[in-house]
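Please look over the structure below before reading on.

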Amino acid sequence: MREGFFGKDVFRYEPDRDVFVCPARATLSPRYRGKSRDNVKVDYANRDACKACSLKSRCTQSFRRVSRLENEAVLDRMAARLALRTDVLDHRRNSVDHSFGTIKQWMGQGTFLMRRLENVRGKFSLTRITGI
Ligand code: SF4
């Protein structure tokens, strides 16, 4: 987001209606569908509200779009669960992450240089093969 403009955090998503409510209390509805990597991304907008908005200079140069992944509710639920149990991440770091790091170090390999489960899975499968 451009400096000085409202961040996405001030737009409230309402899952029951599948809309965002902006700082001017206008309703932004799903308007455009696209891709973000392998995910479906939905852009919410309300051109008419932006045209007449008194907050426009703090929000956008033309009309505002706010994006949300089609399956972002899953991420929201995970973030809510983690917020209730912050100890879970510490436990994971101390158990799972540490074990994989130690195995890779024993095999004489460094850190994972790739992202995404598919790539990391492929690299780790090579670790097992070379370690036999
Ligand atoms: S410019 Fe549009 S999205 Fe931004 S506050 Fe105004 S009505 Fe809401």
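Two strands pair if DSSP finds at least two bridges between them. Helices (H or I, at least four residues) and strands (E, at least two) are DSSP runs, numbered from the N terminus. The model is a predicted one, in which local features need pLDDT of at least 70 and side-chain atom pairs count only at pLDDT 80 or more, while totals for chains, interfaces and linings use all residues. Residues are numbered from 1 along each chain as its sequence is written, and side-chain values use heavy atoms, leaving out hydrogens and water.

Strand S3 (residues 27-36) is joined to strand S4 (residues 39-45) by 7 bridges, and the two run antiparallel. One of the bridge partners is Tyr44 in S4, which pairs with Pro30. The hairpin of S3 and S4 has 2 residues between the strands, and Arg37 in the turn has a positive phi of about 55 degrees.

S3 also pairs with strand S2 (residues 19-21), in the antiparallel sense over 2 bridges. Here Phe20 has Leu28 in S3 as its bridge partner. In this hairpin 5 residues lie between the strands, and Arg25 takes a positive phi near 65 degrees.

The ligand is surrounded by residues including Phe11, Cys22, Lys56 and Arg64, where a residue counts as near if one of its heavy atoms lies within 4 Å.

Where is Ile103 placed? Ile103 belongs to helix H3 (residues 87-106). Its relative accessible area is 30%, so Ile103 is partly exposed (between buried, under 20%, and exposed, over 50%, with a 1.4 Å probe and protein chains only).
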